[in-house]
Amino acid sequence: MKKAIIAAGVIALFLAGCTGKAAKEAEKARALEIEQLETVSTQIDSTLNEIDEAVMKLDTLINEL
Amino acid sequence: MKKILSVFPVGLIILALLTCGGKTMAQQQVETGKAKKEVNQAKQKGKDKVKEAEEAAEKEEDKATEAVQKEEEKAMEALQKEEEKAAEAVNKEEEKAREAMNQEKEKVRDAADTKEGKEAVKGRGNAFGKNKGGLEGRDFGQARAEEARMKNQEKKSELDRKVEDGEQRTVQARERIRVAREELEKEKGAKKINDETYQQKKEKIDNAEKAVIDLEEKIKKGKSVPGEI
């Protein structure tokens with residue numbers, strides 16, 4: 001009985017350790033994903049600004065023709 | 001008397017010759033006048049033809065300009081429709097995303113409530129991690145990732161719209177530049193403008209073309225931005 005209790009405790013500890021590690025890994029992956037998404041968002045913002053500027057410049061020059 | 005009789009026929013002949021000469025001169029003058037009239041008429045006809053040709057050329061130019069304007073109007077209408085459609089699509093996507101987000105939040109709250117209830121019953125205390133704005137660490141991370149994904153999606157939609165709009169603008173601009181270049185060459189051919197004006201106008205057209213190329217590069221860059229990670 002004692003052995004069974006000790007074995008169950010060890011297994012429980014092992015499972016808890018694995019779950020914690022998995023949770024940490026998932027959290028890291030999520031953080032990385034968020035970082036990548038924010039990088040892409042910044043890139044999109046920059047491209048949007050560049051396109052807006054290019055359109056404005058083109059409009060000005062076309063109106064001068 | 002004999003002398004007079006011998007001179008008389010000679011005088012008659014001279015008189016007859018003078019009369020004939022006068023008539024011929026008069027006829028020649030009349031013919032010269034006719035020829036001049038004909039030349040003048042021909043000149044007038046030539047001028048009329050040139051005028052007609054110029055008028056025809058002007059009409060052709062007007063027609064070409066009208067056609068370009070019509071094309072531009074059509075393109076603008078199409079662009080506006082596309083923008084409206086894109087805006088509607090974006091709004092729908094935003095609504096869907098908001099709904100999904102709200103549902104997700106509700107689920108998370110429900111889960112948190114259940115856990116809190118259990119804690120209250122069992123008296124375990126606050127041992128399930130940090131509480132961030134009503135969300136636990138893991139749920140908070142999920143919500144944040146979801147929010148970032150939504151934001152990214154919205155920006156990508158906006159970028160797509162801008163890219164489409166930019167493409168249409170480049171098409172219109174290229175057409176406008178083509179017309180301007182043709183007009184400039186015509187003016188130069190007809191010597192309506194001097195070299196300095198020609199160079200100035202040409203420089204403006206070249207600058208506009210550079211701006212089109214620049215916009216096309218930005219559009220290309222916009223297309224290469226990844227939509228999803």
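Chain A has 1 helix and 0 strands. Helices (H or I, at least four residues) and strands (E, at least two) are DSSP runs, numbered from the N terminus. This is a predicted model, where local features need pLDDT of at least 70 and side-chain atom pairs count only at pLDDT 80 or more, while totals for chains, interfaces and linings use all residues. Residues are numbered from 1 along each chain as its sequence is written, and chains are lettered from A in the order in which they are written.

H1(A) has 63 residues and spans 93 Å from its first C-alpha to its last. That is close to the 93 Å expected at 1.5 Å a residue, taking 1.5 Å times one less than the number of residues.

Of the 65 residues of chain A, 14% are buried (20 or more other C-beta atoms within 10 Å of their own, with C-beta atoms placed from the backbone). Among them in H1(A) are Thr47(A), Ile51(A) and Val55(A).

Two nonpolar cores (sets of buried Ala, Val, Leu, Ile, Met, Phe, Trp, Tyr and Cys residues joined through C-beta atoms within 7 Å) are listed here.

| Core | Residues | Members include |
|---|---|---|
| Largest | 13 residues | Ala54(A), Leu58(A), Ala208(B), Val212(B) |
| Second, separate | 5 residues | Leu37(A), Val40(A), Ile44(A), Ala148(B) |

Ala208(B) touches Leu61(A), Ile62(A) and Leu65(A), among others (contact: C-beta atoms, placed from the backbone, within 7 Å).

The contact between the chains takes 25 residues from chain A and 33 residues from chain B.

Definitions and conventions: A residue is buried if 20 or more other C-beta atoms lie within 10 Å of its own, exposed if 12 or fewer, and partly exposed in between; C-beta atoms are placed from the backbone. Two residues are in contact if their C-beta atoms, placed from the backbone, lie within 7 Å. Lists of a residue's contacts leave out its neighbours within four places in sequence.
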